[in-house]
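The following exercises ask the reader to work through selected packing and pairing features with the coordinates open, and each is followed by a worked solution.

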Amino acid sequence: MRELLSEKGSIYVHLDWHIGHYVKILLDEIFGKNNLVNEIIWQYRTGGVPQKGFAKKHDNIYLYSKSNDFIYNNNKEKMKVDKSKGYNPYTQQYIDEDGSPYVFVNPRDVWDVQHINMHDQTERVGYATQKPEALLKKIILASSNENSIVADFFAGSGTTGAVAEKLNRRWIMSDIGKPACMVMRKRLVDQDARPYLYQVVGDYQKEVFNSNKVYKRVGDLSLVVLGLFGAIPFTLDQHPSRNIGYIKGGKTLVIVDSPNKLTGVGSLKKAQELRETFMGGWDKVIVLGWNFTFDIGRIIQELREKDKCIDVQVIPPDLLEKLTRKSSYDKLVKSGEIRFSSLQYLTIKPVTKINYGEEVEKIVVALDNYILLSPDVLPIDDKYKEILQDIMAKDPLSLIEYWSIDPDYDNETFVSRWQDYRENEGTDSDPFKVVNQVTITVPKKDGIRRVCVKAVDIFGFESAAIEEVR
């Protein structure tokens, strides 16, 4: 974070009493002891009272700068006058609406900001570690100017971005958790945020693979995956990359993609070529992938319209975690626990167009179906898997948590012009479902209009579907 920070920037590190003193030593080393600006005490009245010991009613926030030229706005704070304390008579006093006098004072390093009330419907978004907007407002106003960039790399419920947006700052938020990213999206939709770019820039499987102490080479891991799938790997002489095998007794080729890449159209085209050319050709090819491009469902649909002899399956996302020791492989083979599954993808009905005026027209976009990957590989208890299977059969669209529409998709950047999500009272009275159809007004366009729909299910999986309308 220090490398990304502007020379005029500051960093606020919020920690509780368990770990703060340890991390402060690291901050001194990274930013320099001389760049410690303040140790801020965030005090509040919430929390329990122990039978032994003093009630814990504060957290620490460490404020460091990168240089002496950091932004600091001395936003004086309103304080009521307590005559018993003998305020300087030369200090200008003001009269509040209730008739009581007050003065403006320089902000102190003790902040009295209360946690969000459990029943606060205006701000609470249902995220466990959500911070009050008042806290972030003090920070952002003090250490940035309008149009500055504010970043939060553990964004959680998105309070930093939400407040920065209201204060006319630019912002960057990131979080490793899919639920956090969904909460942020909903929050920004509700406050009518300006357009922003949403990107998946991390790669969980890649990180796990790089930290794996047993399988250091992709080829070694591919051999393990082939074995668990029931395929026989080719020898080094037959194929040096070691990620290709075949199903015994048939003409099916199996290819394991790397955990360091996203399986997409390039991987599938290459698989088709290998099926046709490798060792005289094969009847079918199966691609096993770890990570996938968001539009993989559409890609598979388009390929399979012309080619029924290609299949794509998902390598269980927790496989690398289970392969902590070489002995783990034998146990997994015997247990039969490892199951590969088909991909999840979204389908939409043909988009229809309604002529509406000289400059605008209406398009009707409707969800058709949602195919979810097998419940066997989802992170839920076994007792719920049967229930989920029933929902998938009867009402698969009820698994959609959020969906949005780009009515003029350019095949590169998705620009959401409409979105809906569960509990969005602005579009639907049913808190447990999204609307399945919407009519939106768009600028009139000659020729082909490419409509892209993105959906996120309740588990955080993202899919996309594209339809063209003339």
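The model examined here is predicted.

**Exercise 1.** Describe how helix 7 and helix 8 are oriented to each other, and identify what covers the buried residues of helix 8.

Solution. Begin with the buried residues of helix 8 (residues 296-306), which are Ile296, Gly297, Arg298, Ile299, Ile300 and Leu303. Their cover includes helix 7 (265-277) together with several strands, among them strand 16 (310-314), strand 18 (345-348) and strand 25 (462-469). Next, take the two axes, which come within 10 Å and cross at roughly 30°. Angles under 35 degrees count as roughly parallel, and helix 7 and helix 8 are therefore roughly parallel to each other. The crossing of helix 7 past helix 8 is right-handed. Finally, list the residues that meet: Val265, Leu268, Lys269 and Gln272 from helix 7, with Ile296, Ile299, Ile300 and Leu303 from helix 8. By class, this contact comprises six nonpolar residues, one polar and one charged.

**Exercise 2.** Classify the crossing of helix 2 and helix 3, and name the residues that make the contact.

Solution. The axes of helix 2 (residues 133-143) and helix 3 (residues 159-166) come within 9 Å and cross at roughly 60°. This angle makes helix 2 oblique to helix 3, and the crossing is right-handed. On the side of helix 2 the contact is made by Glu133, Leu136, Lys137 and Ile140, while helix 3 contributes Thr159, Thr160, Ala162, Val163, Ala164 and Lys166. These residues divide into five nonpolar, two polar and three charged.

**Exercise 3.** Is Ala151 buried, partly exposed or exposed?

Solution. Ala151 lies in strand 8 (residues 149-152). With a relative accessible area of 39%, Ala151 is partly exposed. The C-alpha atom of Ala151 is separated by 7.9 Å from that of Gly161, a residue ten places away along the chain.

How values were computed: Residues numbered from 1 in each chain as written. Predicted model: local features only at pLDDT ≥ 70, side-chain atom pairs only at ≥ 80, totals over all residues. Heavy atoms only, no water. Buried < 20%, exposed > 50% of the residue type's maximum accessible area, 1.4 Å probe, protein only. Helix = DSSP H or I, 4+ residues; strand = E, 2+ residues; numbered from the N terminus. Contact = heavy atoms within 4.5 Å. Axes fitted to C-alpha atoms, helices over the stretch in contact; angles between N-to-C directions. Parallel < 35°, antiparallel > 145°, perpendicular 65-115°, else oblique. Left-handed = near helix turned anticlockwise from the far one by under 90°. Nonpolar A, V, L, I, M, F, W, Y, C, P; charged D, E, K, R; others polar.
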